[in-house]
Amino acid sequence: MKRLLLLFLCSLFIGSCIDRINIEVPDSYSSQLVVDGVITDEPGPYTVRLTRSVRVEKFLKFSQESVTNSNVTISDNVGNSEVLIEKEPGVYQTKATGIQGVVGREYFVKIETEEGKVYESEPDKMNPVGEVDSLYYQFESYLPIKDQERYGFRFY
């Protein structure tokens, strides 16, 4: 009888410790601008893709919202800049003979959306590429939760 009472009390305490947390995310965070692009010291053209993030509930739709009709400009710290041309919805590109990265300079992007919002990145310095002094790999296996063991290589 004591065991049954102890088991009942334990299950009561364990079950009462669970509290559901509902986090309300303001709508202002539901649609953020996503900028995907890169500039190198190799000849262009360089591409910048603009999309909007989607709320978690919409992930099952497998769609992206392209940001169109925006002014996208890549600039450096010595006064060079280029306005990108929209090649397809949300995809902006420099000219093949346009701006090209130079090691040691700082680059930033400025975006003016159709709604009149202006976004500007922090300047980022282009550093020289490092050297690879060694390269090796290690074989490893891991066991994902609720799945079969997997194998692969990790490169260093």
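Predicted model: local features only at pLDDT ≥ 70, side-chain atom pairs only at ≥ 80, totals over all residues.
I begin with Y137 and F155. Their rings form a tilted pair, with 6.1 Å from centre to centre and 50° between the planes. Y137 belongs to strand β11, residues 137–142, and F155 to strand β12, residues 150–155, so this contact ties together parts that are 18 residues apart in sequence. Y137 and F155 are both exposed.

The second pair is formed by F139 and Y151. Here the rings are stacked, at 6.0 Å centre to centre and with 10° between the planes. Because F139 lies in strand β11 and Y151 in strand β12, the pair joins parts that are 12 residues apart in sequence. Is Y151 buried or exposed? Its relative accessible area is 53%, and since exposed means over 50%, Y151 counts as exposed.

These rings may also be viewed together. Ring pairs link Y137, F139, Y151, F153 and F155 into a cluster.

I turn now to the largest pocket. Its volume is about 310 Å³. The lining comprises 15 residues, and those nearest the pocket centre are G37, V38, I39, Y107 and V109. Which elements give two or more residues to this lining? They are β1 (33–37), β8 (106–112) and β10 (124–125).

Conventions
Residues numbered from 1 in each chain as written. Heavy atoms only, no water. 1 Å grid on protein atoms, 1.4 Å probe; cavity = no way out; pocket = protein on both sides within 12 Å on 5 of 7 lines; lining within 4 Å. Points joined across faces, edges and corners; volume = space filled by probe spheres on them. Helix = DSSP H or I, 4+ residues; strand = E, 2+ residues; numbered from the N terminus. Phe/Tyr/Trp six-rings, centres within 6.5 Å; stacked < 30°, edge-to-face > 60°. Buried < 20%, exposed > 50% of the residue type's maximum accessible area, 1.4 Å probe, protein only.
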